[in-house]
Amino acid sequence: MGYGLSFGWLKDAAGAIAHGAAMTVFLIACTTVLGILISILFAAARRSRYGVLRKAVAVYVEVIRNTPFLVQLFFIFFGLPSLGIRLDPIVAAILAMTLNMAAYTTEIVGAGLDAVPKGQSEAAFALGLKPRQVFVKIILPQALKVIFPALTSQVIIMMLESAVVSQIAVRELAHEADLLQARTFRSFETYFVVTLIYLGLSMAVRRLFVAGGRRVLGAGVS
Amino acid sequence: MIEFTFWDILRNLIFASRWTVLLSAVAFAGGAAVGLAILAARISERRSLRRFGSGYIALFQGTPLLMQLFLMFFGLPMLGFRIEPWTAAALGLTFYASAYLAEIWRGGVEALPRGQWDAGASLGLHRLQELRLVILPQAFAITRPAAVGFLVQLIKSTALTSIIGFEELLRTANAINNATFEPFTVYGLVAVIFFLLCYPLTQYSRMLERKTAAH
């Protein structure tokens, strides 16, 4: 066979890999913040008085959930310019990731909102809080506490799926791996190392969310 | 240069989607077979096997599918296999599916009351018979909505195999797009085809879920 594994290239590649990992973390951080904000809005819209709004959110959720993320990404990055919307790869990646994640988290946030007993908002109204205060201060924190584990899993799934944005040349972890293996001809070793880094990242993100959730929400997370 | 009408594009895409369907079917069947073995390890009485099972699941659920596919594509030739995109895609998705299916079924096995095992044992069944005759049929039944839901995820995941060069729907679309420069139409149609493949299954999964919830 005569093929030996070699990791000698790793020393020179550490900088590029770290840079790529930082980009991946940046992408998922933006996506998490934007995605959760949007899904709170959409979950509220799904429960609004306006039938059109409810329908629109439902259609959006179904379309995103039943098509591959990679196709959505290509549609946004390659398809939208023919409508005159030209996006930078990083912006396109964040847009695609946010739209994708929000479709899943809208359902999750919605389930959380439904799980808060009606008496909570009635009590808050009785105390004289305004509708917005009731939502932001009473309902939302309790809902987030319930759904925190599911939200954490969704963030990790999205981070792993973000590897495909390497296909539109965003220089994140997977793309750095593509570049490295083209230079070193050590394809297997390169992807092996990068896969382990992804594994480490997903464990770190879970740890971070568990610790953060416990501190901020007092959630007893898995 | 060849001129592509809308119908040419559509016909080619529909024709290519049979590979998407075939790959999904192969990966689901293979994943079910391997997943069964992983499940057996995961719920085994031997601690080392349980460790292996949970490690396997954590590894495949904690790394990107794209990286798994690359490792298959570049790793298998090192073991002396002749590698083609089709084999790498089918094997990669099989292992990926096996981890998820094993985890889904494990949830079903653990949801069953302890008495089911005891009842099996009191009938004089040994462990394998207990699993085959008592535990697994029930575990499969209660996790069917989740398994169908995962099939949808698997169908969507086949799009990634275009990156390692397997000629399925999305790769064909890329080629057509390079010839026609009509990305909006081409990728829009790809999305529609995937939607038509996935949406009925999503609805079916929901229907099953309602049924199990009603019982």
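I call a residue buried if 20 or more other C-beta atoms lie within 10 Å of its own. With that in hand, I opened my notebook on this predicted model.

**Entry 1: chain A overall**

Next I checked the secondary structure, which comes to 8 helices and 0 strands. The C-alpha atoms of chain A fill a box of roughly 75 × 45 × 25 Å along the principal axes. I also looked at the contacts in chain A with a separation of 6 or more, and 74% of them join residues 24 or more positions apart.

**Entry 2: where the chains touch**

**Entry 3: helix α9 of chain B**

I followed α9(B) from residue 183 to residue 214, which is 32 residues. It reaches 45 Å from its first C-alpha to its last, close to the 46 Å expected. Where does α9(B) kink? I found a kink of about 30° at C198(B), shortly before the proline P200(B).

Several residues of α9(B) are buried, including Y187(B), V190(B), F194(B) and C198(B). I asked what covers the buried residues of α9(B), and the cover includes α3 of chain A together with α1, α7 and α8 of chain B.

**Entry 4: V190(B) and the core**

The largest nonpolar core has 114 residues. V190(B) is among those with the most contacts inside it, along with V71(A), L73(A), L66(B) and L69(B). I set aside the neighbours of V190(B) within four places in sequence and looked up the rest: V190(B) is in contact with V71(A), L13(B), L169(B), L170(B) and A173(B). I kept a general note beside this: in soluble globular proteins, nonpolar side chains tend to be buried together.

**Entry 5: two phenylalanines with positive phi**

F185(A) has a phi near 60°, a positive value in a residue other than glycine. I found F185(A) in the loop between α7 and α8 of chain A. Is F185(A) buried or exposed? F185(A) counts as exposed because it has 10 C-beta neighbours inside 10 Å, and the cut-off for exposed is 12 or fewer.

In chain B I turned to F181(B), which has a positive phi of about 55° although it is not a glycine. F181(B) sits in the loop between α8 and α9 of chain B. With 10 C-beta neighbours inside 10 Å, F181(B) counts as exposed.

Conventions: Residues numbered from 1 in each chain as written. Chains lettered and ligands numbered in written order. Predicted model: local features only at pLDDT ≥ 70, side-chain atom pairs only at ≥ 80, totals over all residues. Helix = DSSP H or I, 4+ residues; strand = E, 2+ residues; numbered from the N terminus. Expected span 1.5 Å × (residues − 1). Bend = angle between axes of the 7 residues up to and from the residue. Contact = placed C-beta atoms within 7 Å. Core = buried A, V, L, I, M, F, W, Y, C linked by C-beta atoms within 7 Å.
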